[in-house]
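Take a look at the protein below and turn it around a few times before reading on. This briefing walks you through a handful of its features, topic by topic.

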Amino acid sequence: MPPIISVKNLSKTYGSGFKALNNVDLDINRGEIFALLGPNGAGKTTLISIICGIANLSEGSVTVDGCDINKDYRAARSLIGLVPQELHTDAFESVWATVSFSRGLFGKPKNPAHIEKVLKDLSLWDKKDAKIVTLSGGMKRRVMIAKALSHEPQILFLDEPTAGVDVELRKGMWEVVRTLQSAGVTIILTTHYIEEAEEMADRVGVIAKGEIILVGDKAGLMQKLGKKRLTLHLQNRIDAIPTALAPYSLELSDDGRAVTYDYDTKGERTGITSLLNDLRNAGIRISDLDTSQSSLEDIFVSLVRAP
């Protein structure tokens with residue numbers, strides 16, 4: 001099945017000469033949740049703006065379900081719903097009115113049944129007559145999603161969907177996104193919350209300095225790039241790691257009662273056996289040990305810090 005979004009050799013250079021995107025290639029699969037991660041200024045918003053037709057590309061091409069965003073702009077844009085990070089909506093309109101108006105902007109005929117379904121799916125039905133100004137931040141965010149879904153798009157872009165939302169509402173938003181995916185909507189989200197990508201995404205893309213560094217399914221990415229950490233709890237406190245153990249790059253805990261050792265599970269040898277022998281030879285005795293897998297956040301930080 002062809003990708004629902006296909007970005008080929010995409011570059012964006014502003015009038016000042018600043019190159020925000022450089023030869024980006026990216027395919028988004030139909031029906032997936034794709035998380036785009038990157039530090040501030042990496043090019044996330046520029047990339048989304050170009051795909052959604054808000055900004056012009058300098059080089060390359062973008063197709064949305066086969067529609068070229070330049071040659072067939074209206075058809076491509078009608079397939080997309082965009083939820084920006086900023087909450088822009090008429091504060092004194094009712095929820096029903098503002099969502100219905102958004103549908104009309106795309107030239108869609110009135111469809112009260114669809115608006116009702118969207119509001120119910122987003123737990124907004126009991127607020128349909130409430131003015132936007134009276135809603136909480138989390139509810140306003142849901143209204144923005146409802147506006148983006150009003151014209152029945154196949155693709156939904158969520159730019160920092162839970163920014164400024166408390167933990168409880170954030171988890172509620174995750175459930176909303178999963179419900180949309182189960183209904184067949186393809187979802188692309190940008191987020192600074194690494195746990196959001198780890199919790200929700202099928203695939204993850206990392207962008208830095210205008211270039212896609214890596215794209216992969218979440219599980220495969222963590223297996224490929226993830227390292228394991230071995231924590232060795234010591235029988236007796238030590239003040240410093242002996243010089244003889246320097247090759248292992250051990251980290252000593254603040255209380256001097258544990259050391260940690262990072263190792264690559266894909267390597268031919270983990271080095272654990274020799275480490276244990278060398279610890280014993282150094283007179284350091286172990287009371288317990290445990291291992292942990294590096295998180296998506298660890299992987300992300302290591303990628304964007306790479307030279």
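Here is a quick tour, starting with the whole chain and then going into the details.

Keep in mind that this is a predicted model. The protein has 307 residues, and 43% of them count as buried.

**The overall picture**

- If you take the contacts in the protein with a separation of 6 or more, 68% of them come from residues 24 or more positions apart.
- The accessible surface comes to about 15800 Å², and carbon and sulfur atoms account for 49% of it.

**An open sheet of four strands**

- Look for the open sheet whose 4 strands come in the order β2-β1-β4-β5, with antiparallel pairing.
- The edges of this sheet are β2 (19-28) and β5 (67-68); each has a single partner strand, so one side of each has no neighbour in the sheet.
- Strand β1 (residues 5-13) is joined to β2 by 6 bridges, again in the antiparallel sense.
- To spot that pairing on screen, find Ile5, whose bridge partner in β2 is Ile28.

**A cavity and its lining**

- How many cavities of 30 Å³ or more does the structure hold? There is 1 cavity of that kind.
- The largest cavity contains about 50 Å³ of space.
- At least two lining residues come from each of β2, β3 (33-37) and α1 (44-51).
- Which element gives the most to this lining? That would be α1, with 3 residues.

- Why is α1 described as largely enclosed by the rest of the structure? Buried here means under 20% relative accessible area, and 7 of the 8 residues of α1 are buried, so the helix is largely enclosed.
- The buried residues in α1 are Lys44, Thr46, Leu47, Ile48, Ser49, Ile50 and Ile51.
- A handy rule for any α-helix is that it has 3.6 residues a turn, so residues three or four places apart point the same way.
- After α1 comes Gly53, which has a positive phi near 80°.

**Cysteines**

- How many disulfides does the structure hold? The count is 0.
- Cys52 has a relative accessible area of 1%, so this residue is buried.
- Cys67 is buried too, with a relative accessible area of 18%, because the cut-off for buried is under 20%.

**A hairpin further along**

- Strands β9 (residues 203-208) and β10 (residues 211-217) run antiparallel and are joined by 6 bridges.
- Within this pair, Ile207 sits opposite Ile212 in β10.
- The hairpin of β9 and β10 has 2 residues between the strands, and Lys209 takes a positive phi near 55° there.

- You'll find Lys228 in strand β11 (residues 228-234).
- Is Lys228 buried or partly exposed? Its relative accessibility is 30%, so Lys228 counts as partly exposed.
- Lys228 and Asp264 are 36 residues apart along the chain, yet their C-alpha atoms are separated by 6.5 Å.

Technical notes: Residues numbered from 1 in each chain as written. Predicted model: local features only at pLDDT ≥ 70, side-chain atom pairs only at ≥ 80, totals over all residues. Heavy atoms only, no water. Pairing = 2+ DSSP bridges. Buried < 20%, exposed > 50% of the residue type's maximum accessible area, 1.4 Å probe, protein only. Disulfide = S-S within 2.5 Å. Contact = heavy atoms within 4.5 Å. Areas by Shrake-Rupley, 256 points an atom, 1.4 Å probe, with all protein chains shown as cover. 1 Å grid on protein atoms, 1.4 Å probe; cavity = no way out; pocket = protein on both sides within 12 Å on 5 of 7 lines; lining within 4 Å. Points joined across faces, edges and corners; volume = space filled by probe spheres on them.
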